Every structure is written in structure tokens, then in C-alpha cells.
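Please look at the structure on the screen while I take you through a few of its features.

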Amino acid sequence: MELDLIVKGGTVVTGNDIYRADVGVAGGKVVALGVDLGTAPRIVNAGAKYVLPGAIDVHTHFEMPFMGTYTADDFRTGTAAAAGGITTVVDWAIQEPGESLFTTLEKWDKKAAGKTVIDYSFHVVLTDLSRNALDEIKDVVANGIGSFKCFMAYKGTPLMQTDSNLFRIMRRVRDAGALFCVHAENGDIIDVLIREYVAQGKLAPIFHADTRPPEVEAEATARAIALAEIARCPLLMVHLSAKEALQKVREARDRGLPIHAETCPHYLSLHYEELERPDFEGAKFVCSPPLRRRDNTPHLWSGLREENLQEISSDHCAFNWKAQKELGRDSFANIPNGMAGIETMIPVVFSEGVRGGRLSLNQFVRLTSTNSARLFGLYPEKGTIASARSTRLAASISASMRWHASVSRRSSARTGTSEARTRAHRAARPYLTRFCSIAGIERESVVTTAKRPAIKLAM
Ligand SMILES: [Zn+2]
């Protein structure tokens, strides 16, 4: 086969293996691995670099209406910013009340069409079951969208769902063979706390965190798990932040339940005290769940190593400080919740995780690529580089390897150690074919991932 590109001399890293090999690409897919692959019009000399599968960010919010404004990045600027190693994004399309789920997807497809510079797909956030949204779930899945989300927080907005709605949706998602995701914070309790704080004149950004303590995340996490167990529905907790919530996930997984969880780079690298920055600068760090105390972070790294947290995504939800975060100058309750993260995710996780001695290279690949591909139906087209032992398989495996991390072995840990670059790649297919089929078997294989013992590392 004629190759378009050979990446020569690099070290290929997948979720399980590390080996020296040249990588041959044709038609945008990895088709050959080995030595002596011949020649190609384009040869990239990887030298001492690692060749990794492209990272997959399954949690973004581009051009999303929220808290009286829109997120600052659209699909063009957001995916351009992903040029830190991410080659695929899955964005949350949010149903407007009364809207058909297909209308929601068409709206999001319009936002993305012609703008994205990497591969993309969508999940659907359900907000309103008054029309036939429940019946549409199976049709949406049949059209290639295999994941749904609801919010248990944001009381007083259409986002927050009752337990009965969550349960009804979970059963339909289960029947459709899809994955249910949840933003787990107890919105009722947060609402009470916000009202009390505002009434007491506690209005600064730090009180955003104080009105969303770890226990409200843990309670909602436990409740979501209980509902999912009754509904027999696979569940993924998005942006898990608190060790108390992680413990609920760990207990459920120890019982063999198909419960999964994600965390985000800001919970691994930033802490509560950022919200105390003077002159309203703390508003830049307002996100939900909020940044936690410093002693919380080692628990998240342990969760990642055990793979009780299976994937890392950015929850990229960017707002400008001027004009947007400033909507909450008078009260933290009005600060748009969200932080940027897509551009820095891979450098931060690589630096803090791999270079910081907290993750192995294989774990890094699993947590940023392989596991997301499996959970969200993208595997094995994405999430791995086929091993040299299965070259026949490789013929049908697409290249998600567009990122070459250049690792300076001379640098000390936790300084900037990775250079990343991506080739601009326009998504060529519409979203309906963007997902490969929902592979229940692959999902199971994540469920049963053998647990590795937690390694205790000093932070
Ligand atoms: Zn989010």
C-alpha cells in the first residue's frame, strides 16, 4: 500500500504497550507499524519523541447559552485551542425546553459545521420530557449519538432534573444500549445555601465554593448511583471533583456496577484558594463543582491510578473575565460557572501526571484517550495505535495519532516538558456517522478493567 506519511524512529505508546516502531499512514489511517516501511511523500522524523494516540476530550461547551451569556469559544476557536494534543472533542448539545432532541442536534451541527479543525461529535443533555424526548432517545442512538446527560444542580433553571425524570431517562438510555452521564451536585441544598449566603451579604467569589461543599457532590453521586442501579443503567459521573464523591464511585465499582467517572485538569492542578484572589479575580476560577482544598488532590490521582476515575476531560467552558465573569461582580451567584481548559489539558496532565511521577505513560494514554474512546463508542478507530503484532488489524484502524509529544529528558519534573502540535484536520463526515457503533462489549471491557493498587506518592 502507498503511504502518505511515515512517522519514523519514534516510540509508540498505547494504553498497554511502549515500543519503537515507524508508523505508516495512508488516507488518514494508520495502516502499517514496524521498521523499513519504505518511503512516503511526507516523512516526520520523530527522533526521541513519543508517538501517542490523539487525546479525546469528551467534555466541552462551545457556543453554549448559559447564565445569561454564551461561552466565549465557538467550535472554531475552541477546537483550534485543542492543538495541545487533543484530536477529537465531544460537545454537550443542550436541549431547549420543548425542543425535539433532533432539533437540538441540528442546532449543534450548525454551530460546528465548517468550523472545527479536529474530529468532533455530540452528546445530548436532556432538560424537558414534556414532549416525546423519552421516545426519541432510541432514535438518537440509532443515529450514532450514544451518550446523554442530565444535571442534578442549577435549581430554578430547566437544567435541573428530578429523581423521577432521571430514573425515567436512565431506563430509556439503558434500553437503547447507551451511556448516561450526570452532573452530580445536590441542587436543592446548594439553592438553600446560596440564598442564606446572599442574605448575609456574603457575595464574593469564594462563597461560590462554600455554597457547594464536597458533601453535596457526594450525596448526589450516591443518589445517581442508586438510581442507576435500580434502572440497571451504565453511568458516568462527569467532572468528579471531591474525594467524598470518588469514594461513592469506588464502593459502587467494588460491587461490580458499571459506574464510571471523569475528572478534569483543574481539579488536579488548582485549588480552593484561587477563588480568594482579590479584586474579583477569584471569579476566573468559578466553576462547578468548585475547586477543592489542596488535600483533596492526591485522592484524585489515586483514583486515576486505580482507574476508578477512567478518563480526564477538560470541561472547557470558557467565559471572558471582562463583561462575562463580571456579570457576577455584585454576587457570586451570578458569575457564569466555567473555566477554559482544552488548550492546556494535555500539557498539564502530562507534566503533573507523567513528569510528576503520578502516572505511567500507559496510564496517561488510557486516561486521555483509550478509555474515553471505549466509553463513548469511538474505539478502536480512536484511542489506540494498533500494535505491530496485529498489522492486519491495523489496516482498518484510523490514525488518531496526530500528536507528537517531545519530551526533554533533561528538564526537571513539572516544568514545561512537552511540546505538542497537531495537524489541522477538518472533520469530513457529519455527526451522524461521527461515532462508530455503540460497542457494548468495549464498554464492558472498561467496566471490568483490572484494578491496579493505588500507589502512595507524596504531593
Ligand atoms: Zn461541563
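Predicted model: local features only at pLDDT ≥ 70, side-chain atom pairs only at ≥ 80, totals over all residues.

Tyr-154 is partly exposed, because it has 19 other C-beta atoms within 10 Å. The scale behind that word is as follows: a residue is buried if 20 or more other C-beta atoms lie within 10 Å of its own, exposed if 12 or fewer, and partly exposed in between, with C-beta atoms placed from the backbone. Tyr-154 has a positive phi of about 70 degrees, although it is not a glycine. Its place is in the loop between strand 13 and helix 4. Here helices (H or I, at least four residues) and strands (E, at least two) are DSSP runs, numbered from the N terminus.

Residues are numbered from 1 along each chain as its sequence is written.

A second residue with a positive phi that is not a glycine is Asp-36, at about 60 degrees. Asp-36 lies in the loop between strand 5 (29–34) and strand 6 (42–45). Asp-36 counts as exposed because it has 5 C-beta neighbours inside 10 Å.

Let me turn to the chain as a whole. Its secondary structure comes to 14 helices and 20 strands. Of its 459 residues, 54% are buried.

Eight strands form an open sheet in the order 8-11-12-13-14-15-16-17, with parallel pairing; two strands pair if DSSP finds at least two bridges between them. The edge strands are strand 8 (55–60) and strand 17, each of which pairs on one side only.

How many residues of strand 16 are buried? Strand 16 (residues 259–263) has five of its five residues buried. In a regular strand the side chains alternate between the two faces of the sheet. In strand 16, Ile-259, Ala-261 and Thr-263 point one way, and His-260 and Glu-262 the other way.

Strand 16 pairs in the parallel sense with strand 15 (residues 235–237) over three bridges, and Leu-235 stands opposite Ile-259. From strand 15 the chain crosses through helix 8 (residues 243–254) to strand 16, in a right-handed β-α-β crossover. Right-handed means that, with the strands pointing away from the viewer, the path from the first strand over the helix to the second runs clockwise. Strand 16 also runs parallel to strand 17 (residues 311–312), to which two bridges join it. There, Glu-262 stands opposite Glu-311.

Now to helix 7 (residues 214–231). Its 18 residues reach 26 Å from the first C-alpha to the last, close to the 26 Å expected at 1.5 Å a residue; the expected span is 1.5 Å times one less than the number of residues. Among its buried residues are Pro-214, Val-216, Ala-224 and Leu-227. The elements that cover the buried residues of helix 7 include helix 4, strand 14, helix 5 (187–199) and helix 8. After helix 7 comes Arg-232, whose phi is positive, near 55 degrees.

Finally, two cis peptide bonds. One runs from Ser-288 to Pro-289, with omega near -5 degrees, and Pro-289 is in the loop between helix 9 (265–269) and helix 10 (297–306). The other runs from Tyr-379 to Pro-380, with omega near 5 degrees. Pro-380 is found in the loop between helix 12 (361–375) and helix 13 (391–394).

Notes: Contact = placed C-beta atoms within 7 Å.
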